[in-house]
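Notebook, opened with the coordinates on screen. I list what I looked up, in the order I looked it up.

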Amino acid sequence: VLKPSDAVMVAFWAKLGTSEEEVHSAKTLSWSSKGLTDNDCNVIAYLISSGSLDKLERLFLGANQISDAGIIELSLAIANGSLASLQILDLQSNQIGDSGMAAFADAIANGSMANLRNLQLGGNKIGDAGAVAIAEALDGNKSLKTWWLAGSWRLSRADGRFAARWCARVARRLDRLADDPRRPARRREPR
């Protein structure tokens, strides 16, 4: 990940009301509701990949304006294991959709966030494809205790098969929707 320009970095720190020096030793970063955008994710990705956040245990990025482009940028940085100490990640109430969630799932499927205990994803634009991708990626995570995917969907890790149960639940939901005569047919976009 390339280092953002000095002007971009100054604007980022001004938005957060902190400095890079204060962040280096932080175990918790509460950056929820700060108006963070995909461009700000470039700075966060740089901080992650440079090792500046290697002590971080809790990262709160909820209620911002992060979309697929932003989470894809973060995912590229996360994939190298630079957030291995992270235990709580809050991405709820952003604008993340299926393609962003697929990139995030790919990034963590290799165990790059093996200590993750709590993942908040509710209030995004994640559909069935994104839900299945993240469920499959999290299936091997032994430390994960709780994750929230959408408004009322809460999954607690009771045993090693929660992703399989979740995927089956999504499949049943899709079957019910497809068989409902009151529901208009869904158009499938070509890939």
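**Entry 1: serines in loops.** I started at Ser93. Ser93 sits in the loop between strand S3 (88-90) and H5. The model is predicted, so I treat every value here as computed from that prediction. Phi of Ser93 is near 60°, a positive value in a residue that is not glycine. Is Ser93 buried, partly exposed or exposed? Its relative accessible area is 38%, and Ser93 is partly exposed.

I then went to Ser33. Ser33 also has a positive phi, about 55°, although Ser33 is not a glycine. I found Ser33 in the loop between strand S1 (28-30) and H3. With a relative accessible area of 55%, Ser33 is exposed.

The next serine was Ser50. Ser50 lies in the loop between H3 and strand S2 (58-60). At 38% relative accessibility, I logged Ser50 as partly exposed. I also checked how far Ser50 is from Ala77. The two are 27 residues apart in sequence, and their C-alpha atoms are 8.8 Å apart in space.

**Entry 2: H4 against H5.** I noted the geometry first. Two packed helices are described by the angle between their axes and the distance between the axes. For H4 and H5 the angle is about 5°, and the axes are 8 Å apart. H4 and H5 are therefore roughly parallel to each other. Which residues make the contact? From H4 I listed Asp68, Ile71, Ile72, Ser75 and Ile78. From H5 I listed Asp98, Ser99, Gly100, Ala103, Phe104, Ala107 and Ile108. Sorted by class, the residues of this contact come to 7 nonpolar, 3 polar and 2 charged.

**Entry 3: H5 against H6.** I moved on to helix H5 (residues 98-108) and helix H6 (residues 128-138). They pack at an angle of about 10°, with their axes 8 Å apart. That makes H5 roughly parallel to H6. On the H5 side, the contact uses Asp98, Met101, Ala102, Phe104, Ala105 and Ile108. On the H6 side I read off Asp128, Ala129, Gly130, Ala133, Ile134, Ala137 and Leu138.

**Entry 4: cavity search.** How many cavities of 30 Å³ or more does the structure hold? I found 1. About 60 Å³ of space lies in the largest cavity. I wrote down its lining: Ile44, Ile48, Leu59, Leu61, Ile71, Leu74, Ile78, Leu83, Leu89, Leu91 and Phe104. Helix H3 (38-49) and helix H4 (68-78) are the elements that give two or more residues to this lining. H4 gives the most, with 3 residues.

**Entry 5: whole chain.** Last, I stepped back. The chain has 7 helices and 6 strands. From the N terminus, I read the order of elements as α-α-β-α-β-α-β-α-β-α-β-β-α. The chain has 191 residues, and 43% of them are buried. Residues 24 or more positions apart account for 79% of them.

Conventions:
Residues numbered from 1 in each chain as written. Predicted model: local features only at pLDDT ≥ 70, side-chain atom pairs only at ≥ 80, totals over all residues. Heavy atoms only, no water. 1 Å grid on protein atoms, 1.4 Å probe; cavity = no way out; pocket = protein on both sides within 12 Å on 5 of 7 lines; lining within 4 Å. Points joined across faces, edges and corners; volume = space filled by probe spheres on them. Helix = DSSP H or I, 4+ residues; strand = E, 2+ residues; numbered from the N terminus. Axes fitted to C-alpha atoms, helices over the stretch in contact; angles between N-to-C directions. Parallel < 35°, antiparallel > 145°, perpendicular 65-115°, else oblique. Contact = heavy atoms within 4.5 Å. Buried < 20%, exposed > 50% of the residue type's maximum accessible area, 1.4 Å probe, protein only. Nonpolar A, V, L, I, M, F, W, Y, C, P; charged D, E, K, R; others polar.
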